[in-house]
Amino acid sequence: MLRSALLNVMIKAAHKAGRALKRDFGEVEHLQVSLKGPANFVCAADRRAEEILCQELARARPGYGFVGEEGGRREGTDKTHTFIVDPLDGTSNFLHGIPHFAISIALDREGTIVAGVVYNPANDELYTAERGKGAFLNDQRLRVAARKRLADAVVTCGLPHLGRGDLALGLKELACVQGKVAGLRRFGAASLDLAWVAAGRFDAYWERNLSPWDIAAGLILVREAGGYVTDLDGGENPVATGDVIAGNETIHRELLRLLQEAGKT
Ligand code: IPD
Ligand code: CA
Ligand code: CA
């Protein structure tokens, strides 16, 4: 598996920020936490990780732009390349000592995501993908699951949070899907939800009201693992709309139809 120099830059940055996150995770009860909005936490660990990522990526690619969840934004001299970064995806899990969170780094080249890294430092799982070169978990090549029936599928989702999103619609979709699938999950980190679809652990995933840094890297992981990722109208650019559905061709189509029906009830 030949990784490009660029992907190695992104992996090196993720590992460095991952060491800091892992240290903070061990002391999570001592971390200073503040609220960005209802049930929307940010802690010193988020900010520290974003600073490390911004510095590491700027050192290796000084001309590239940078967009980070915690406010890091840097206009690059090279207007065609921008890193889209979530320094800690799954902050609520992190703050509750749940080892299911990740660093997500995507590279946008003129509006197309061409590389992605999702790294969970708690279990050292490194998901990587480059356009046309496949998706990997550590060194193992990934393929989305091959199940064809919703009744055999384990599906993960994201639900509207306290004071955010359309809870009534979310509950309608949940009720509609719950009765048709083998299992439904809510794991609390969008980037890992997509990475686990790419790894064939989940058969599908859907969520609304996400930000570009939540899904940009996960999107190329699923596509390079042979899966389908669209928005909830079937559109090709979920990073722009913030609504996402992912799975293999059949399960993606069947779940999308089910969710659209739920919206009409
Ligand atoms: C959140 C997680 C969560 C999703 C939220 C995101 P954060 O990201 O990905 O699973 O449901 O919408 O905001 O805040 O932990 O980086
Ligand atoms: Ca996030
Ligand atoms: Ca975050």
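Start by selecting D86: this residue bridges the calcium ion (ligand 2) and the calcium ion (ligand 3), which lie 3.7 Å apart. Keep in mind that you're looking at a predicted model, where local features need pLDDT of at least 70, side-chain atom pairs count only at pLDDT 80 or more, and totals for chains, interfaces and linings use all residues. Residues are numbered from 1 along each chain as its sequence is written, chains are lettered from A and ligands numbered from 1 in the order in which they are written, and side-chain values use heavy atoms, with hydrogens and water left out.

Next, show what holds ligand 2. The calcium ion (ligand 2) has D86 (OD), D89 (OD) and D214 (OD) as its protein donors, at 2.1 to 2.4 Å. Donors here are N, O and S atoms within 2.8 Å of the metal (3.2 Å for Na, K and Ca); water is not among the atoms, so sites may look incomplete. Along the sequence, the spacing of these donor residues reads D-x2-D-x124-D. Colour by secondary structure and you'll see distant parts of the chain linked: D86 sits in strand β5 (residues 81–89) and D214 in helix α6 (residues 212–224), 128 residues apart. (Helices, H or I with at least four residues, and strands, E with at least two, are DSSP runs numbered from the N terminus.) Both D86 and D214 are buried, meaning under 20% relative accessible area with a 1.4 Å probe, protein chains only.

Now for the rings. Phe, Tyr and Trp (its six-membered ring) pair if their centres lie within 6.5 Å; planes under 30 degrees apart count as stacked, over 60 as edge-to-face and the rest as tilted. That rule gives seven aromatic pairs. Pick F94 and F101: their centres are 4.9 Å apart and their planes at 80 degrees, so this pair is edge-to-face. F94 and F101 are both buried.

Move on to W196 and F202, a tilted pair with 5.5 Å centre to centre and 35 degrees between the planes. W196 is buried, at a relative accessible area of 16%, and F202 is buried too, at 4%. While you're there, what sits over the ring of W196? The charged end of R201 does, 4.8 Å from the ring centre; the rule asks for NZ of Lys or CZ of Arg within 6 Å of the ring centre and within 35 degrees of the ring normal.

Note on methods:
Buried < 20%, exposed > 50% of the residue type's maximum accessible area, 1.4 Å probe, protein only.
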